[in-house]
Amino acid sequence: MLVSEFLNDDRFELVTDTINDKLIKGAYCGDLLSWVMSHAKKGDLWCTVLTHANVVAIATLLEVSCVIICESAPIESETIKKANQEKVNLIKTKLNSVEVIKKLWVENG
Amino acid sequence: MDITYDFEVYANDYQNAGNASSEIKKYLMQIGFTTKFIRKIVICAYEAEMNIVIHSLGGKLTITIDNKKIILTSTDKGPGIKDLDLALSEGYSTATEAVREMGFGAGMGLPNMKKNCKFFEIDSSSKGTIVKLSWEIKDETFS
Ligand SMILES: Nc1ncnc2c1ncn2[C@@H]1O[C@H](COP(=O)(O)OP(=O)(O)OP(=O)(O)O)[C@@H](O)[C@H]1O
Ligand SMILES: [Mg+2]
């Protein structure tokens with residue numbers, strides 16, 4: 001599934017300016033950065049409740065397809081600014097990570 | 001012949017944290033190493049960079065490449081690590097509550113570095129910590 005297809009769902013909102021469309025190849029959920037760094041893979045959709053600009057640094061280094069900020073965690077404006085600069089797809093949702101993965105599972109067949 | 005690049009890393013600079021690792025990654029991609037090989041080096045660079053930002057008074061990351069190996073060195077100005085064995089064990093962290101809220105402090109940085117390189121050396125005193133990691137360059141590390 002592409003990030004653009006994933007976003008065809010009004011429970012999800014892109015907070016960055018434009019979609020940098022990418023294929024979602026897998027998923028990783030985690031809020032401990034050194035675990036994410038060594039386990040999330042290129043193309044993964046990454047679910048987290050972290051919202052600091054370091055999230056963007058990791059997303060860029062790992063080349064994840066998008067970052068889902070779950071449970072309406074408030075996103076710092078610096079983070080959005082940096083995500084725009086680095087063309088990282090930053091998406092917010094009320095859902096928790098389990099519900100996000102369920103959607104991916106169901107819709108990906 | 002070898003080529004060396006230095007990247008300054010500042011204490012507590014969370015806004016620019018990751019930039020040095022990002023530059024190192026770009027450089028490795030230009031050389032044409034495989035994604036898998038680059039990933040290992042980038043994991044180490046990022047963990048080393050964050051340790052300088054979080055735990056030290058500032059320092060630098062240095063990458064040296066010749067035709068046989070890549071050496072990544074993290075050097076800082078102190079305060080050093082009191083108990084190296086403890087610091088190297090999984091889950092040990094002295095990160096403050098504020099730093100943990102940003103997602104750091106799992107105590108997995110040094111163990112991850114050790115796992116992702118071929119040779120690992122660490123030396124620390126109150127004057128500073130030096131972590132030296134290296135990888136062998138082989139035909140299969142090029143894509
Ligand atoms: N450059 C350094 N200077 C001083 N102390 C350090 C340095 N690097 C690591 N340490 C000490 O070693 C501990 C373990 O480091 P490690 O990178 O494994 O975990 P962490 O940084 O606490 O958490 P994580 O890396 O998982 O976010 C740190 O909590 C800190 O006490
Ligand atoms: Mg660390």
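How many nonpolar, polar and charged residues does the shell around ligand 1 have? The shell has 8 nonpolar, 10 polar and 2 charged residues. Here Ala, Val, Leu, Ile, Met, Phe, Trp, Tyr, Cys and Pro count as nonpolar, Asp, Glu, Lys and Arg as charged, and the others, Gly among them, as polar.

## Model and confidence

This is a predicted model: local features need pLDDT of at least 70, side-chain atom pairs count only at pLDDT 80 or more, and totals for chains, interfaces and linings use all residues. Residues are numbered from 1 along each chain as its sequence is written, chains are lettered from A and ligands numbered from 1 in the order in which they are written, and side-chain values use heavy atoms, with hydrogens and water left out.

The model has an ipTM of 0.94 and a pTM of 0.97. Chain B has an average pLDDT of 97, and 100% of its residues score at least 70. pLDDT is the predictor's confidence in each residue, from 0 to 100.

## Ligand 1 and its shell

Ligand 1 lies between chains A and B. It is surrounded by 20 residues, each with a heavy atom within 4 Å of it. The closest are A:Ser34, B:His55, B:Ser93, B:Thr94 and B:Gly105. In chain B, helix H2 (35-55) and helix H5 (109-116) each give the shell at least two residues. Helices (H or I, at least four residues) and strands (E, at least two) are DSSP runs, numbered from the N terminus.

## Polar contacts

Polar contacts here pair N or O atoms within 3.5 Å. The side chain of B:Thr94 has an N or O atom 2.5 Å from an oxygen atom of ligand 1. B:Asp76 places a polar side-chain atom 2.8 Å from a nitrogen atom of the ligand. For B:Asn51, a polar side-chain atom lies 2.9 Å from a ligand oxygen atom. Taken alone, ligand 1 exposes 600 Å², and the protein buries 95% of that (Shrake-Rupley method, 1.4 Å probe).

## Backbone features

Most residues other than glycine have a negative phi, and most peptide bonds are trans. A cis peptide bond joins B:Gly78 and B:Pro79, with omega about 10°. B:Pro79 is in the chain B loop between strand S3 (69-76) and helix H3 (84-87).

Terms used: A polar contact is a pair of N or O atoms within 3.5 Å; within protein, one must be able to donate a hydrogen and the other to accept it, and residues adjacent in sequence count only if both atoms are side-chain atoms.
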